[in-house]
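The following report is intended for a reader who meets this structure for the first time.

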Amino acid sequence: FLMNTDKHLLHLIFLDLVNDLHLLMFDLYANYFCYKLFSYLNQCDRIHFLSLIKDYIAVYATHHIATYPIQCIIENINDIPEQEIITTTLNKLLAINNASDIMSIATNSYGTHVFEKIMLRFNAKLLQPLLMFFTNNITVLGTHPHGLCVIKKLVQVVYNNKHAMLVVYNELKCQLQQHASMLSQNPF
């Protein structure tokens with residue numbers, strides 16, 4: 001129905017849900033509607049939607065239900081202003097609490113998928129602070145069963161974009177060389 005709904009009506013539906021959007025992301029059934037609605041909204045409403053949920057990204061990413069709509073929303077983000085909302089939020093998380101929220105997401109069985117999707121979809125330049133954090137924590141993440149998934153995706157993304165992110169690429173090479181023995185002996 002959303003695909004065939006008039007854009008103005010979609011806007012009105014979104015406005016009606018604004019106050020409950022955060023709770024709907026956790027609902028067993030409504031979460032599907034949230035990410036489908038996001039994909040049909042106009043650019044202005046998409047930005048508004050992201051600005052409403054951005055502060056809860058760490059909670060969504062690690063929750064057994066809310067992780068799915070946030071992953072689908074990330075897969076539907078297709079322009080720089082939308083990506084900047086998410087990356088700015090993640091960069092703020094990097095700056096506070098010794099980045100414990102970022103580490104919690106990266107080592108969570110659901111959260112790792114969120115970061116994988118972000119790394120595959122987002123502009124490489126916007127991701128550099130996050131990728132540098134992962135690089136500098138390669139021993140913690142690389143020896144964790146879920147963190148390893150983030151590191152594997154990190155290596156892929158940095159290698160495929162090495163010219164655009166030369167600093168991260170060089171640091172990753174350095175960290176891998178420095179910790180090669182320990183990492184190769186770890187079960188993960």
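## Burial, packing and contacts

Tyr60 is buried, its relative accessible area being 0%; here buried means under 20% relative accessible area, exposed over 50%, and partly exposed in between (1.4 Å probe, protein chains only). The model is predicted, so that local features need pLDDT of at least 70 and side-chain atom pairs count only at pLDDT 80 or more, while totals for chains, interfaces and linings use all residues. Residues are numbered from 1 along each chain as its sequence is written, and side-chain values use heavy atoms, with hydrogens and water left out.

**Helix α1.** Helices (H or I, at least four residues) are DSSP runs numbered from the N terminus. The buried residues of α1 are Leu10, Phe14 and Leu17. They lie on the same side of the helix, because they cover an arc of only 65° around its axis; the arc is that of the directions from the helix axis to the C-beta atoms. His8 and Asp16 are exposed on the other side of α1. The cover over the buried residues of α1 includes α2, α3 and α4, where contact means heavy atoms within 4.5 Å. Asp6 caps the N-terminal end of α1, with a side-chain oxygen 3.0 Å from the backbone nitrogen of His8. Such a polar contact is a pair of N or O atoms within 3.5 Å; within protein, one must be able to donate a hydrogen and the other to accept it, and residues adjacent in sequence count only if both atoms are side-chain atoms.

In α4, the residues Asp45, Arg46, Phe49, Leu50 and Ile53 are buried. Viewed down the axis of α4, these buried residues fall within an arc of 140°, so they line one face of the helix. Among the elements that cover them are α1 (7–17), α2 (21–24), α3, α5, α6 and α7 (80–95). At the start of α4, a side-chain oxygen of Asn42 comes to within 3.1 Å of the backbone nitrogen of Cys44.

Two packed helices are described by the angle between their axes and the distance between the axes. For α3 and α4, the axes come within 8 Å and cross at roughly 145°. Axes are lines fitted to C-alpha atoms, for helices over the stretch in contact, and angles run from 0 to 180 degrees between N-to-C directions. Cys34, Phe38 and Ser39 of α3 make this contact with Arg46, Phe49 and Leu50 of α4. By class, the contact residues are 4 nonpolar, 1 polar and 1 charged; Ala, Val, Leu, Ile, Met, Phe, Trp, Tyr, Cys and Pro count as nonpolar, Asp, Glu, Lys and Arg as charged, and the others, Gly among them, as polar.

**Helix α6.** Helix α6 (residues 67–76) is largely enclosed by the rest of the structure, because 7 of its 10 residues are buried. These are Thr67, Pro69, Ile70, Gln71, Cys72, Ile73 and Ile74. Their cover includes α3 (30–40), α4 (43–53), α5 (57–62) and α9 (111–121).

**Individual residues.** The table lists the relative accessible area of selected residues.

| Residue | Relative accessible area | Class |
|---|---|---|
| Ala61 | 1% | buried |
| Gln83 | 6% | buried |
| Thr87 | 5% | buried |
| Ser104 | 43% | partly exposed |

Ala61 is found in helix α5. Apart from its neighbours within four places in sequence, Ala61 is in contact with Thr67, Ile70, Ile105, Asn108, Tyr110, Gly111 and Val114. The C-alpha atoms of Ala61 and Asn108 are 8.4 Å apart, although 47 residues separate them along the chain.

Helix α7 contains Gln83. A polar atom of the Gln83 side chain lies 2.7 Å from the backbone nitrogen of Asn123. Not counting residues up to four places away in sequence, Gln83 touches Ile77, Arg121, Phe122, Asn123 and Leu126. Thr87 is likewise located in helix α7, and on that basis of counting touches Phe122, Leu126 and Leu127.

Ser104 belongs to helix α8 (residues 100–106). Its C-alpha atom and that of Phe33, 71 residues away along the chain, are separated by 27 Å.

**Aromatic side chains.** The structure holds 7 aromatic pairs. Rings of Phe, Tyr and Trp (its six-membered ring) pair if their centres lie within 6.5 Å; planes under 30 degrees apart count as stacked, over 60 as edge-to-face and the rest as tilted. One of the pairs, Tyr56 with Tyr60, is tilted, with 6.0 Å centre to centre and 45° between the planes. Tyr56 counts as partly exposed at 33% relative accessibility, whereas Tyr60 is buried. Phe14, Phe38 and Phe49 form one aromatic cluster.

Note on methods:
Helix = DSSP H or I, 4+ residues; strand = E, 2+ residues; numbered from the N terminus.
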